[in-house]
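Here is a quick tour for anyone meeting this structure for the first time. Have a look at the sequence and the 3D view, then read on.

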Amino acid sequence: FKKRAGRAIREIRKFAARAMTTKDIRIDTKLNKFVWSNGIRNVPTRVRVRLSRKRNEDEEAKEKMFTLVQHVPVESFKNLQTETV
């Protein structure tokens, strides 16, 4: 259980890539801070994220779109549904 926080970030990236079908995944600094808040070993059990697919402004980029993953703070995880905006 040494490097849980890094693994959690990789899993978030994997989830976002599967959900949004983009290879370029960018994780917001607030989400990164939340995952690392309890240290490298004691990762928060659940996290609510907002995924948004955005157009790449960079002309030389390989991918046309990228996914931005943001943290959504919630009081409790009870009765939450997936929201498509």
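## Salt bridges

Let's start with a term: a salt bridge here is a side-chain nitrogen of Lys or Arg within 4 Å of a carboxyl oxygen of Asp or Glu. By that rule, the count comes to four salt bridges. Keep in mind that this is a predicted model.

Two of these bridges meet at E11. R7 pairs with E11, their closest N and O atoms being 3.4 Å apart, and E11 also forms a salt bridge with K14 at 3.6 Å, N to O. Both R7 and E11 belong to helix α1, four residues apart, or about one turn of the helix. E11 and K14 lie in α1 too, three residues apart.

Elsewhere, R26 and D24 join their side chains in a salt bridge of 3.0 Å, N to O. R26 is partly exposed at 34% relative accessible area, and D24 is partly exposed at 21%. Which residues end up in one network through shared partners? Those are R7, E11 and K14.

## The sheet

Now for the strands. Three of them make an open sheet in the order β1-β3-β2, with mixed pairing. β1 and β2 (49–55) sit at the edges with a single partner strand each, so one side of each has no neighbour in the sheet. From one strand to the next, the twist averages 25°.

β1 and β3 (residues 65–71) run parallel and are joined by three bridges. I25 is found opposite T67 in β3.

## Helices on the sheet

α1 lies across β1, β2 and β3, and runs at about 55° to β2. α2 packs on the sheet as well, touching β1, β2 and β3, and its direction makes about 50° with that of β3.

In soluble globular proteins, nonpolar side chains tend to be buried together. Here, the largest nonpolar core has ten residues: A5, A8, I9, I12, A16, I25, I27, L31, V35 and V69. At least two residues come from each of α1 (4–20), β1 (25–27) and α2 (29–36). Which element gives the most to this core? That would be α1, with five residues.

Setting aside neighbours within four places in sequence, I12 is in contact with I27, L31, V35, V47 and V69.

Methods:
Residues are numbered from 1 along each chain as its sequence is written. This is a predicted model: local features need pLDDT of at least 70, side-chain atom pairs count only at pLDDT 80 or more; totals for chains, interfaces and linings use all residues. Side-chain values use heavy atoms; hydrogens and water are left out. A nonpolar core is a set of buried Ala, Val, Leu, Ile, Met, Phe, Trp, Tyr and Cys residues joined through side-chain atoms within 4.5 Å. Buried means under 20% relative accessible area, exposed over 50%, partly exposed in between (1.4 Å probe, protein chains only). Contact means heavy atoms within 4.5 Å. Two strands pair if DSSP finds at least two bridges between them. Axes are lines fitted to C-alpha atoms, for helices over the stretch in contact, and angles run from 0 to 180 degrees between N-to-C directions.
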